[in-house]
Each structure stands twice: as structure tokens, then as C-alpha cells.
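I opened this model with my notebook beside me.

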Amino acid sequence: MKLSKYVKIYPSPEDPDSVILFSTKKTSAVLVPAGLFEEIGNGGLSREEEETLAGLGLLVREPEEEKKEMLDYIAGLNARTTSFQYMVILNLDCNLGCKYCFEGARKGKFYLSDETADLLVDFITRRNYSNKEKITITFYGGEPLLSVESIVRISEKIRAFAEEKGILYSFSLVTNGVLLTPRVVERLAPLGLIGAKVTLDGPEHIHNLFRPFKSGKGSFDVIVRNLKETADMIRLQIGGNYTREYYRQFPLLLDHLADSGLTPARVPLVKFDPVVKESNEFAPPDFHDGCGSINDPWIAEASLYLREEILRRGYLTQKITPSPCVMAHDDSIVMNYDGAFYKCPGLIGRENCRVGDVRNGLTGSRESLGLEDWKNEQCLECAYLPLCFGGCKHMKLVRDGDMRGIDCKKQYFDRTLGELVAQDIRYNL
């Protein structure tokens, strides 16, 4: 057997006589004595050793077979998927005046109508569920909790349909947290609400700078109060969006959460991400600090620093995992408030990125979105392919004006993956 091309080799920080073999394909890490590592590929391993390392994705019998395996990876992933996943953008309105608003110029008093909500229910219930076990919806905005009645209208009908079919229905929220009160949770939980991702952009003074109410008043205290009152009712995740100037202050938020009783036992998952640039067409006019590429050197520094601070305090965060673009998942759809279908929330409002609508169904193709562009020799020979699959189409579009082609992440992983693996080993992830 031979070493997989999707393996990275790193020195062991604890044992100078060993190396860490990390499979980007299976995200498995093994500490191997240097002497044993030298036997790989020259027939010196026992059959049992070879089979063990092959099972972890570290050894392969034939490189060409492995290449075919990667070419078929996403198709296999789609074939094994047992759920339909929808993101429903209920409105483009908000009760906050965020400095870097993701919707930017798209924002306004635009709401999902009852008619479109019912068309969505019809679309969902007409699909084939013979090989599916669940339906999941993420309600998004704008601020989704400005549209509670739409959540109720949709969820009552889909929950009844799911029960009739013997499948599961659940939904979650991406919310600023201002309206996430116990009363709202008590109303929505019986309909399928299981969790919410709530945004806190650092400690109070930073968060209030970037995410105030429209009046200018800070929103931090209201959100933290709601988190404390609902943490034992649903599964909460805390997200945050950082800039180059302020990311080193984010650990102060973690300390404040723990001191407030929002410990890892109550809010286990925390994930911070950089604010991403938007195209001139939609970008907020007074904000220019977003990143344009994950390969920006400061992103590597910030992501390693913040991940370490999260894990060191006992919170969980996203693991290293094979990461096809969300657009590559066949059974994942984003519906805008007006009924238009997209494959990524970052693409809403771009007419040439539509892949259908709730009245006529899906019409787009993988080729038209450039989802097969990573199937080239350079990407197939790259050890990082399973963690990238061509990168982020939205970021590629914003940066280059065209989503076709590759948003290569090699520079980022060159800078970070060894330490990411070390963090996972250190914290037993």
C-alpha cells in the first residue's frame, strides 16, 4: 500500500521520535513512530498495520482508485443524505442597525407573504420522501423572529405532514437574539424548534459598536439576558463576526458568558468568523473592513487564536471536517422571502444566481453554478482537496465578479492545518 495523497505529515510536539499523520479525507490523526513511518510504502508494515492505516484513510492500494473516489465523493454524499434541508429567509427587515449588515442594500420592509408560505409548504410536501428520514428548516432573515406568525404557519403544516409520513420535522433559527424570549421559545418548541444560533460580536463595548439597535442603544445586555433565560429550553450556539482590528478582544466575551452562567454546559458551541466583504452592489456604504479571501494572512492568525481561546475555556467549536460548499448539496435549498430559490444565502437578490422558484421548482444545474470546477488535476493532486472542494463560490463571486473557477484555500491551510490538528489532539476533539 501507498501513502494517500490526502495526508499531511506533521512533527509531534510531544514526541520528537514520532510524526502525526493526518488524513484530510477522513480527518483522522495518528501518532506514528518515525521508524514505522519509514516502513510505509516499502512493504515493511504488517498486514494488520496496513489495514488499520488504510481504514483511517492514511494508506491506499491504488492512487488512481483514490482519485476516482474523490471525483465521486460529493455524489456519494448526496446519495447517502437522509434529510431535506431548507433555509427560509422570512424577511429582509431587522430591529438592529448593524454596521456591516450582511444583506446590505438588499435590506428593507420585505416579508414572506402567506401565499408564498403556503406555496413553500406545497413544494416541500410534494417531494419524494421514500429515502428520507427528516425535514429540517433554518429560518433566517433579516431577523426571523419578526416573522413568528410565518414560522407558526409553515411549521404547523409541515409538522402534520411529517407525522403522517413517519419522518421527523425540526427547525432552528439564525437570530440576533433580541426577541428570543422564553415566551417565544415556549410557543415554537412544540412545533419543532430545537435550536438557535445567536450572534454576539465580542464583549459588550465591541458588540454594541457593531450591532446596536436602530436607535443607537446597545443590544448586548438584552441578548445575554435572553440567552440566560432560554439556554435550558433549546440548544444554543453563539456565533460572532470579527474584524482585523477587534478579534483579539473576543475572548473577553467568553469570560463574560461564563461569569454570567452561560458556561459550556449550557451553551456548548461557539464559533467566530471574519466579516466577509460584499460586492459594491449590496455592500453597506460605510463599512469597508471585511475580508476578501480566507488566504489573507491575518485570517489564519485570527482563526487559530480564537479557536484556541474557545477550546481552552471548555467550549466546543467546529471540528476539522470534509467541507464541500453548501451549494453542492442536492437536497439543500435557500428560499428568499419572494419565493426565489438559491443555493447559498449570500446569493439572494442576484437574478443570475437563481436556481428556480417556489412556483416552478428547481431549474438550475451544477454546471451553471461551477460546482464541478474543482475536478481538475491541480485540485485532485492537492492534499487539502477534501477540506476545500474548490472553496467558497460566494467569496469567489464577490472578489472576482464570477463564481466560476476555484477559490483556492491552500495558503490558509498551509498556515493553519498543522496547528488545527494539534488543537484537536490537545483537546481530545
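**Helix 6 and its surroundings**

I began where helix 6 ends: the residue after helix 6 is Gly-166, with a positive phi near 75 degrees. Helices here are DSSP runs of H or I with at least four residues, strands are runs of E with at least two, and both are numbered from the N terminus. A reminder to myself: this is a predicted model, where local features need pLDDT of at least 70 and side-chain atom pairs count only at pLDDT 80 or more, while totals for chains, interfaces and linings use all residues. Residues are numbered from 1 along each chain as its sequence is written, and side-chain values use heavy atoms, leaving out hydrogens and water.

Next I checked the length of helix 6 (residues 148-165): its 18 residues should span 26 Å at 1.5 Å a residue, and the end C-alpha atoms are 25 Å apart, which agrees. The expected span is 1.5 Å times one less than the number of residues.

Which residues of helix 6 are buried? I found Val-148, Ser-150, Ile-151, Val-152, Ile-154, Ser-155, Ile-158, Phe-161 and Ala-162, where buried means under 20% relative accessible area with a 1.4 Å probe, protein chains only. Their cover includes helix 5 (114-125), strand 7, strand 8 and helix 7 (182-188).

**The sheet**

I followed strand 7 (residues 134-140) to strand 8 (residues 168-175), and the two pair in the parallel sense over six bridges. Pairing requires at least two bridges found by DSSP. Ile-137 has Phe-171 in strand 8 as its bridge partner.

Both strands belong to an open sheet of eight, in the order 11-10-9-8-7-6-12-13, with mixed pairing. Strand 11 (269-274) and strand 13 (341-342) are at the edges with a single partner strand each, so one side of each has no neighbour in the sheet.

**The hairpin**

I then turned to strand 3 (residues 18-23) and strand 4, which run antiparallel and are joined by six bridges. Ser-23 has Ser-28 as its bridge partner in strand 4. Four residues lie between the strands of this hairpin, and Thr-27 takes a positive phi near 50 degrees.

Technical notes
Buried < 20%, exposed > 50% of the residue type's maximum accessible area, 1.4 Å probe, protein only. Contact = heavy atoms within 4.5 Å.
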